[in-house]
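Trainee: I'm new to this one. Could you walk me through it, one question at a time?

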Amino acid sequence: MRSSSKKSFLSEPFVQSLFLEGIATAELCGACFELIIIAENWGVSMYAIYLFVLTLWWSLNWGDASACPYTHLEEAVEGKKSLRVAFLMIWAELIGGLAVFRYIQLLWALEIVSTHKNKAFEDCSTDLQVPVIFGAFIECVATCICRVVSRALSDLNSRFATIIDSFVGTSLVVAAFDYSGGYFNPALATSLKYGCLGTSFMEHVIVYWIGACAGSIASLRVYNMPFIQNFIHGRKEKAL
């Protein structure tokens, strides 16, 4: 009886979505921990190549999971999802992102490869190299651009939408790399950089949570601006 009720609970679509968001976020953050090592040892160009390939992989394999908190806030603002559901999704993502650090720490402690040497318990430092308000502005604007491009590509239903979206996202990350780190994802930033030297709790929240989420919410307004809608309608008519 107890076994069947447990199966019934796990088969609930909402519960499955929570698990999928947590798993997807763990995968994202785990891979990005390794991307940090690639950037440190082989430079930003190699980092960008791997990030681009990984972004394609995630787009093709995650299904409905986003591994990004502000996508749920967008849906709440649009009335597609309640605030309670949105915050539960965000909670699941945070759990996945924070939990995977222990796995990565264990992996690094094994020092299977030379680039993992002394990394497991090394003090991390902030990626924020500009004043807090500028960092928040960078995360805000870049996130807004990412979301507008993603929505436009989705509406246009382009064959190359995934490739273009991944290229734009990767390019913006590289552009912001030496300023804010270019995270554009609060759960990812918290998993990788919360508690690192050089940034306080409030500074982290302002730059990586308020900045990114503000950009995401702003993208809803920006996307509905006449010049963007006219461009999309024009492209659709040409496709016909």
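What follows is a short chat about helix packing and a couple of loop residues.

Trainee: Before we dig in, what kind of model is this?

Mentor: Keep this in mind for the rest of our chat. What you're looking at is a model that is predicted.

Trainee: How are H2 and H7 oriented to each other, parallel, antiparallel, perpendicular or oblique?

Mentor: Helix H2 covers residues 13–61 and helix H7 covers residues 186–193, and they pack with their axes 10 Å apart at an angle of about 50°. Roughly parallel needs an angle under 35 degrees, and roughly perpendicular takes 65 to 115. That makes H2, relative to H7, oblique.

Trainee: And how many charged residues are in the contact of H2 with H7?

Mentor: From H2 you have Thr25, Leu28, Cys29, Cys32, Phe33 and Ile36, and they meet Ala187, Leu188, Ser191 and Leu192 of H7. Sorted by class, that contact has eight nonpolar residues, two polar ones, and charged ones: none.

Trainee: Which helices do the buried residues of H4 pack against?

Mentor: H4 runs over residues 83–110, and its 42 Å reach from first C-alpha to last is close to the 40 Å expected. Its buried residues include Val85, Met89, Glu93, Gly96, Gly97 and Trp108. Those buried residues of H4 pack against H2, H3, H7 and H8.

Trainee: How are H5 and H6 arranged, roughly parallel or roughly antiparallel?

Mentor: Helix H5 (residues 132–156) and helix H6 (residues 161–176) pack at about 175°, their axes 10 Å apart. Anything over 145 degrees counts as roughly antiparallel. So H5 and H6 are, to each other, roughly antiparallel.

Trainee: How many nonpolar residues does the contact of H5 with H6 have?

Mentor: On the H5 side you'll find Ile138, Ala142 and Cys146 among others, and on the H6 side Ile164, Asp165 and Leu172 are among them. Two residues of the contact are polar and one is charged, while the nonpolar count is eleven.

Trainee: Is glutamate 111 buried, partly exposed or exposed?

Mentor: Glutamate 111 follows H4 and lies in the loop between H4 and H5. Its phi is positive, about 50°, although it is not a glycine. Buried would need under 20% and exposed over 50%. Glutamate 111 has 35% relative accessibility, so it counts as partly exposed.

Trainee: What about asparagine 157, buried or exposed?

Mentor: Asparagine 157 sits in the loop between H5 and H6. This residue, other than glycine, also has a positive phi, near 55°. With a relative accessible area of 66%, asparagine 157 is exposed.

Terms used
Residues numbered from 1 in each chain as written. Predicted model: local features only at pLDDT ≥ 70, side-chain atom pairs only at ≥ 80, totals over all residues. Heavy atoms only, no water. Axes fitted to C-alpha atoms, helices over the stretch in contact; angles between N-to-C directions. Helix = DSSP H or I, 4+ residues; strand = E, 2+ residues; numbered from the N terminus. Contact = heavy atoms within 4.5 Å. Nonpolar A, V, L, I, M, F, W, Y, C, P; charged D, E, K, R; others polar. Expected span 1.5 Å × (residues − 1). Buried < 20%, exposed > 50% of the residue type's maximum accessible area, 1.4 Å probe, protein only.
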